[in-house]
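Please keep the sequence and the model in view while reading.

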Amino acid sequence: MNKLAALLALVAPALLVAEPPAKPKKSASSQPAGFHELKIGDPAPDFELIGIDEEMHTLKDYAEAGLLMVAFLSNHCPTSQAVEGRIKRLVKEFKGKGFKLVAINPNDPAALRPDELGYSKYNDSFPEMKRHAKEQDFNFDYLYDGDTQRTALAYGCLATPHVFLFDKERKLRYQGRLDDSRYADEATVTAADARNAIVALLDGKPAPVEVTQPHGCSTKWIDKRQQVASDHEKWEKGEVEVELIDAKGIAALRKNDTKKVRLFNVWATWCGPCVKEFPELVATSRKFGLRDFELITISMDDPKEMPAVKAFLEKNNAIVPDKLKPSLQAEGRKGNAYIFNEASSEALMQALDTEWPGPIPHTLVVAPGGEVIFRHTGEVDGDELRAKILDHMGRFYVPEP
């Protein structure tokens with residue numbers, strides 16, 4: 001796999017990787033052509049979309065429901081993932097009471113940068129929707145709109161999550177956020193706006209609040225693909241700083257007195273498995289580029305081969321994400337690429353990982369404070385590596401203690 005293919009594997013529809021919270025403004029001027037903002041009382045736009053059950057779904061399929069919620073969700077967004085549990089509880093709570101919910105993924109997978117997938121195991125492609133929904137045990141229909149986005153445009157989907165509640169005549173009675181919390185813990189919810197609207201409407205009353213602002217990750221429109229391509233070009237042209245390091249320096253990094261998860265990889269340009277696995281390491285670095293994470297490479301090449309090491313790293317785009325640069329500067333470091341400059345490999349093993357049997361490549365992931373999250377000797381499986389890291393770092397935003 002070449003370097004570009006490895007990176008595109010995280011963002012193209014056959015791809016595998018979040019972004020800071022966004023609170024989109026309700027301004028159609030910043031939205032793509034065809035964007036329509038629904039008003040209270042407007043009829044529900046029709047749709048014809050494929051679901052994860054491989055069946056086509058239309059608005060009339062839900063005609064029997066007295067109340068219909070159309071919820072725009074996504075796989076990749078941490079806020080969307082955080083509300084999944086509450087949405088499943090809504091479906092369960094109001095089952096048999098005339099309420100129905102259908103979810104729609106509005107996003108174009110190719111309009112997502114790798115680092116926008118840092119909170120998710122899956123991207124927003126249709127095949128990944130199936131896997132995500134199965135793992136999270138969705139109890140509602142989940143439809144895909146990413147190829148054309150006609151439905152998202154017709155409804156005026158600003159973000160994921162963004163919910164629209166329609167009455168029996170399919171007139172809009174509530175739209176906006178599910179509730180006021182971006183966290184998964186239901187105890188953090190202080191305004192359950194959508195649920196309050198459901199209760200009121202089922203009781204024949206108007207929604208207490210009819211319009212709120214959705215909060216989450218902005219809709220990834222097809223026209224954002226050019227921004228993703230520009231981001232790839234930036235990585236293609238990036239430079240890498242390579243420094244020498246001894247066992248004492250490695251021990252200090254291994255101690256990890258930071259808030260970052262650190263992925264150490266010991267490698268060499270003359271090591272076939274090292275070269276083969278390297279694109280997966282770079283893909284991992286890009287996936288978690290907006291989180292507290294860093295890839296630190298330690299080359300076992302002769303220090304005299306520094307130009308060759310630098311050339312290899314730049315060819316494979318092993319650059320430092322912009323988010324990391326301030327922390328490196330504060331630590332007095334130029335970058336995250338090193339060549340071990342001592343003769344004894346034993347010294348390196350003692351400094352980095354006493355359980356390392358010796359061969360390279362060797363990969364070690366440590367949490368803040370030095371706890372080992374993952375270790376592997378030999379060519380690493382990128383999906384397994386990223387899953388272990390995500391298991392530790394989490395799929396949701398977590399409130400500060």
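Which strands does helix 3 lie across, and at about what angle does helix 3 run to strand 5? Helix 3 (residues 126-136) lies across strand 1, strand 4 (99-105) and strand 5 (141-144), and its direction makes about 165 degrees with strand 5. The model is a predicted one, in which local features need pLDDT of at least 70 and side-chain atom pairs count only at pLDDT 80 or more, while totals for chains, interfaces and linings use all residues. Residues are numbered from 1 along each chain as its sequence is written, and side-chain values use heavy atoms, with hydrogens and water left out.

**Terms**

- Helices (H or I, at least four residues) and strands (E, at least two) are DSSP runs, numbered from the N terminus.
- Axes are lines fitted to C-alpha atoms, for helices over the stretch in contact, and angles run from 0 to 180 degrees between N-to-C directions.
- Contact means heavy atoms within 4.5 Å, and two strands pair if DSSP finds at least two bridges between them.

- Seven strands form an open sheet with mixed pairing, in the order 2-1-5-4-3-7-8.
- Strand 2 (56-58) and strand 8 (172-176) are the edge strands, and each pairs on one side only.
- On average, neighbouring strands of this sheet are turned by 30 degrees against each other, direction ignored.
- Strand 1 (residues 48-51) and strand 2 run antiparallel and are joined by three bridges.
- Glutamate 48 has threonine 58 in strand 2 as its bridge partner.

- Strand 14 and strand 15 run antiparallel, with five bridges between them; histidine 362 has threonine 377 in strand 15 as its bridge partner.

**Helix pairs**

- Helix 8 (residues 272-287) and helix 12 (residues 382-393) have axes that come within 10 Å and cross at roughly 30 degrees.
- That makes helix 8 roughly parallel to helix 12 (angles under 35 degrees count as roughly parallel, over 145 as roughly antiparallel, 65 to 115 as roughly perpendicular and the rest as oblique).
- On the side of helix 8, Glu280, Leu281, Ala283, Thr284 and Lys287 make the contact, and on the side of helix 12, Gly382, Leu385, Arg386 and Ile389.
- By class, the contact of helix 8 with helix 12 has four nonpolar, two polar and three charged residues (Ala, Val, Leu, Ile, Met, Phe, Trp, Tyr, Cys and Pro count as nonpolar, Asp, Glu, Lys and Arg as charged, and the others, Gly among them, as polar).
- Helix 7 (residues 247-255) and helix 11 pack with their axes 8 Å apart, at an angle of about 20 degrees.
- That makes helix 7 roughly parallel to helix 11.
- Ala247, Ile250, Ala251 and Arg254 of helix 7 meet Ala347, Leu348, Ala351 and Leu352 of helix 11.
- The contact of helix 7 with helix 11 counts seven nonpolar residues, no polar ones and one charged residue.

**Salt bridges**

- The whole structure has 32 salt bridges (a side-chain nitrogen of Lys or Arg within 4 Å of a carboxyl oxygen of Asp or Glu).

**Backbone details**

- Threonine 160 and proline 161 are joined by a cis peptide bond with omega of about 5 degrees, and proline 161 is in the loop between strand 6 (159-160) and strand 7 (162-166).
- The bond from isoleucine 360 to proline 361 is also cis, with omega near 5 degrees; proline 361 is in the loop between helix 11 (345-352) and strand 14 (362-366).
- Aspartate 137, a residue other than glycine, has a positive phi near 55 degrees and is found in the loop between helix 3 and strand 5.
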